[in-house]
Amino acid sequence: MVRGRITGLAASDIRFPTSLGHHGSDAMHPDPDYSAAYVVIETDARDGLKGYGLTFTLGKGTEVVVCAVNALSIHVVNKDLEEIVNDFRGFYRQLTSDGQLRWIGPEKGAVHLATAAVLNAIWDLWAKQEGKPLWKLLVDMDPKQLLSCIDFRYITDALTEEEAHEILQNGLLGKKEREEQMLKHGYPAYTTSCAWLGYPDQQLKQLCTEALKDGWTRFKVKVGADLPDDIRRCRLIREMIGPDKTLMLDANQRWEVKEAIEWVTKLAEFKPLWIEEPTSPDDILGHAAISKALAPLGIGVATGEQCHNRVIFKQLLQAKALSYLQIDSCRLGSVNENLSVLLMAKKFQIPVCPHAGGVGLCELVQHLIIFDYISVSGSLENRMCEYVDHLHEHFKYPAIIKKASYVPPQDAGYSTEMKEESARKYLFPQGEVWQKILCKP
Ligand SMILES: C[C@H](O)[C@@H](O)CC(=O)C(=O)O
Ligand SMILES: [Mg+2]
């Protein structure tokens, strides 16, 4: 039973100094400080439950997203939670269509990241009030209710509401068995933790040895800054993991289209499954050209972590520009918009392999991909969810990995809540961790 009027929305800027250890570094982001615009929603319900939401950022700029969250709060505070979830499509539309705020989007950039943070908090609260982990809340919804959360504006030329309904209706077959399978075996994952671009070879070797011992079979390597370096690092990791394990490459948008094709061709001997973000995330035709050129080498194109919205995904799918679709729980407009992308991917028969890592992304996206398997895709073929082993200790309900698979969360909510102590210590710039760093002579 959903209850309560939203009485408060607070946003804070929480940053972790990950750049000090080069964690998360890639060809375009050499010094990321994994950060979150963190949202807490309170209601007047007597249950004392709060909704926690976040969006992922890289340090500087988090204050801009926090500002955007505050600007959106007029659409949230004083709203009845039941009214929101009973017309979630309308509420999504209201947040994304504010006649003034949409000018700094629409549905992209800081204002869309803010939308994600706010809506993630609302989904967390809803799931908590229902006493279910978010994936289970979604799995238990009937197709009509799921569809009522989605804004189909701008995608009906690729997926109509009727087609989406048919997909969800078909997904009902075997759903119980798939849920049992998830609870027993979890959702397959891959690791990006071994090979950030700023890690020296020795560290890469050590982390790869440990990952192999822990049972990982799929590995992603950062590439794109320097070709001889890439060749050396790919050779090293391929030799360590052997010919049968899976290797993926991630260039984080570093190249021109032609350059991407030439560069990846030179890395083809290492048998990568995919090249991720070879060029600008906005360049749909560029991705299509790269996909076409690399297909004969057996290398697919993966993208999505910086695709602003469902419209970009629609075009990537229509243009046959990608072979692996990487949803992001904090870049798209929360669960609502992710649902539309999962359904489009199903229609176009493209496997979804979510982006995770950062801070909190594993915690959130595991819910979406577990739901996807149980209720939408019904398949694990060519599918896996990213995992990065950083910062989980700051969450009250951290993601759990067993045998290189995500264990479905059991706690109610969207796994978004940070430990109070972490949120206090890492608050930027007042928190004690930042005070120490910033006050160093
Ligand atoms: C800056 C981030 O760490 C980015 O490199 C993450 C990413 O591309 C991925 O996990 O994939
Ligand atoms: Mg990436």
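**Reading the chain, its domains and its ligand shell**

Guide: The secondary structure of the chain amounts to 17 helices and twelve strands, where helices (H or I, at least four residues) and strands (E, at least two) are DSSP runs numbered from the N terminus. This is a predicted model, in which local features need pLDDT of at least 70, side-chain atom pairs count only at pLDDT 80 or more, and totals for chains, interfaces and linings use all residues. Residues are numbered from 1 along each chain as its sequence is written, while chains are lettered from A and ligands numbered from 1 in the order in which they are written.

Visitor: What radius of gyration does the chain have against that of a compact globule?

Guide: The radius is taken over C-alpha atoms, and the globule rule is 2.2 Å times the number of residues to the power 0.38. For 441 residues the rule gives a value near 22 Å, and the chain, at 21 Å, agrees with it. The C-alpha trace spans about 60 × 60 × 45 Å along its principal axes.

Visitor: Which residues does serine 323 touch?

Guide: Two residues are in contact if their C-beta atoms, placed from the backbone, lie within 7 Å. Not counting residues up to four places away in sequence, serine 323 touches Trp274, Ser291, Gly300, Val301, Ala302 and Ile350. Over the chain, residues 24 or more positions apart account for 76% of the contacts with a separation of 6 or more.

Visitor: Into which domains is the chain divided?

Guide: Domain bounds come from an automatic or database domain assignment. The chain is divided into domain 1 (6–132 + 422–438) and domain 2 (169–420). Their contact takes 40 residues from domain 1 and 38 residues from domain 2. On the domain 1 side, α4 gives the most, with ten residues. That side has 18 nonpolar, 15 polar and seven charged residues; Ala, Val, Leu, Ile, Met, Phe, Trp, Tyr, Cys and Pro count as nonpolar, Asp, Glu, Lys and Arg as charged, and the others, Gly among them, as polar.

Visitor: Is α4 enclosed by the rest of the structure or exposed, and what is its span?

Guide: The expected span of a helix is 1.5 Å times one less than its number of residues. With 22 residues, α4 reaches 32 Å from its first C-alpha to its last, close to the 32 Å expected. Glycine 131, which follows α4, has a positive phi, near 70°.

Visitor: Which residues are around ligand 1?

Guide: A residue is near a molecule if its C-beta atom, placed from the backbone, lies within 6 Å of it. Around ligand 1 are Gly24, Asp26, His29, Pro32, Leu58, Thr192, Asp250, Asn252, Glu305, His355, Gly357 and Glu386. By class, this shell has two nonpolar, six polar and four charged residues. Domain 1 and domain 2 each supply at least three residues to the shell.
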